[in-house]
Amino acid sequence: MSKITEEGMSTVEKSKTVPKDVEIRRATDNDSTEILALLETCQLPKEGLAANLSTTLVAQRGNEIVGCSALELYQQLALLRSVAVKPSFRKRGLGLKLTRATLDLAREFRVTNVYLLTETASTFFSKLGFIQTPRSNVPDVVKQSVEFSTLCPESATVMTTLLTT
Ligand SMILES: CC(C)(COP(=O)(O)OP(=O)(O)OC[C@H]1O[C@@H](n2cnc3c(N)ncnc32)[C@H](O)[C@@H]1OP(=O)(O)O)[C@@H](O)C(=O)NCCC(=O)NCCS
């Protein structure tokens, strides 16, 4: 049986939690190169990210960016994109934590509906309340984003969630 720590959590579970020294914060221009490198590692589109740095979050540990997540805002609608966690930090809850923080940021901007495209992570996003929706249901303003119009293949899954306060 695994040992119970002073926090009341087994050592097995503890190893699956986000490291305490990971800070989630808003991205700055200085983070751009590192974020783009992470997107490249994770095989996610880089185009259009630079224009949305002010609504991008990063997860930083020491001097290293280990995760990111971004919003493209279209009035009360938003595209969630570039959700990425460095491979060695995965499966510890960081992806969920980053995405929840990004949805909180969307609420700060009074966003009501969030859309996303994914080729591999629909199960991950369904844990956050996203449901699949046909492309035809996506408002034109979101469909005209670079990611929707040129980058993600027609086969990518479209998901959406309604934000409540
Ligand atoms: C998707 C991604 C961000 C998840 O990051 P992560 O830190 O490993 O996620 P978490 O540890 O918070 O995962 C939480 C849960 O989602 C599940 N999950 C994580 N990634 C998943 C994926 N790609 N598909 C299905 N489920 C996934 C985990 O197994 C875990 O489930 P559990 O709580 O039942 O064990 C990460 O795998 C990644 O960077 N992938 C490459 C980029 C990508 O595809 N991004 C999404 C499109 S923008």
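This is a predicted model: local features need pLDDT of at least 70, side-chain atom pairs count only at pLDDT 80 or more; totals for chains, interfaces and linings use all residues.
Me: What is the mean pLDDT of the chain?
Reply: The mean is 90, and 91% of the residues reach 70 or more. pLDDT is the predictor's confidence in each residue, from 0 to 100.

Me: Where does pLDDT stay under 50?
Reply: Over residues 1-14. There the model has 9 contacts beyond four places in sequence. Two residues are in contact if their C-beta atoms, placed from the backbone, lie within 7 Å.

Me: OK, the fold. How many helices and strands?
Reply: The chain has 6 helices and 7 strands. Helices (H or I, at least four residues) and strands (E, at least two) are DSSP runs, numbered from the N terminus. The order from the N terminus is α-β-α-β-β-β-α-β-α-β-α-α-β.

Me: What is the strand order in the sheet?
Reply: E1-E2-E3-E4-E5-E7-E6, an open sheet of 7 strands with mixed pairing. Strands pair if DSSP finds at least two bridges between them. The edge strands are E1 (22-26) and E6, each pairing on one side only.

Me: Which strands run antiparallel to E7?
Reply: E5 (residues 113-118) does, joined to E7 (residues 157-162) by 6 bridges. Thr 118 stands opposite Thr 157 there. E6 (residues 131-132) also runs antiparallel to E7, over 2 bridges. Gln 132 has Met 159 in E7 as its bridge partner.

Me: And E4 with E5, parallel or antiparallel?
Reply: Parallel, over 3 bridges. Ala 78 stands opposite Val 114 in E5.

Me: What does H3 touch on the sheet?
Reply: H3 packs on E1, E2, E3, E4 and E5, and its direction makes about 35° with that of E3. H2 (residues 32-41) lies across E2 (56-61), E3 (64-74) and E4, at about 95° to E3. Axes are lines fitted to C-alpha atoms, for helices over the stretch in contact, and angles run from 0 to 180 degrees between N-to-C directions.

Me: Switching to the ligand. Which residues come nearest?
Reply: Arg 90, Gly 95, Leu 96, Thr 123 and Phe 124, of the 19 residues around the ligand. A residue counts as near if its C-beta atom, placed from the backbone, lies within 6 Å.

Me: Which elements give two or more residues to that shell?
Reply: Strand E4 (77-85), helix H3 (94-108) and helix H4 (122-126). The largest share, 4 residues, comes from E4.

Technical notes:
Residues are numbered from 1 along each chain as its sequence is written.
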